[in-house]
Amino acid sequence: MGITKNDGHDCSFGVLISKATGRETNPNTSAAEYHRYRHNIIEKISTGCIELDNLFRGGIETKAVTQFYGDSGSGKTQICHSLATIVSQDKSKGGVDSKCIYIDTEGSFRPERVSEIAKARGFNSDLALENI
């Protein structure tokens, strides 16, 4: 299943995945090949909390969609703001020196909160905001 936009760009899932991961999808890939790929490509982003990093076996995986759910006020937005802030940092600070996609389905994303978190952690808040 996929979508082709009116401008002629192929938006099929296989094309989107290969663009996001930089890897062509192949339905004949063995589990062993996929395991090697993941071992070499996937990095972990620190949550900023040792207990959560341990729970996620070292942090949140890159090149993946991670969904947080729970009751109102349980900290979902806070952890997402924190992760979005950490992503752009170098590895010594728990990041991966990259960018992130923040999908906000409830309108709760607050750039000013990201800036506050970045400053509190000693990060460059402009860099954090530019990489979301």
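## Contacts and basis of the model

A contact means heavy atoms within 4.5 Å. In the protein chain, 40% of the contacts with a separation of 6 or more are between residues 24 or more positions apart.

The model is predicted: local features need pLDDT of at least 70, side-chain atom pairs count only at pLDDT 80 or more, and totals for chains, interfaces and linings use all residues. Residues are numbered from 1 along each chain as its sequence is written, and side-chain values use heavy atoms, with hydrogens and water left out.

## Confidence

The predictor's confidence in each residue is given as pLDDT, from 0 to 100. Its mean for the protein chain is 83, and 80% of the residues reach 70 or more. Over residues 1–6 pLDDT stays under 50, and the model has 12 contacts beyond four places in sequence for these residues.

## Secondary structure

Helices (H or I, at least four residues) and strands (E, at least two) are DSSP runs, numbered from the N terminus. The protein chain has six helices and two strands, in the order α-α-β-α-β-α-α-α along the sequence. Confidence is lowest in helix 1 (residues 13–21), with a mean of 59, and highest in helix 5 (residues 111–120), at 96.

## Burial and cysteines

Of the 132 residues in the protein chain, 26% are buried; buried means under 20% relative accessible area, exposed over 50%, and partly exposed in between (1.4 Å probe, protein chains only).

A disulfide is a pair of cysteine sulfur atoms within 2.5 Å, and the count by this rule is zero. Cys80 is in no disulfide, the nearest cysteine sulfur being that of Cys100, 9.4 Å away. Cys80 is partly exposed, at 23% relative accessible area.
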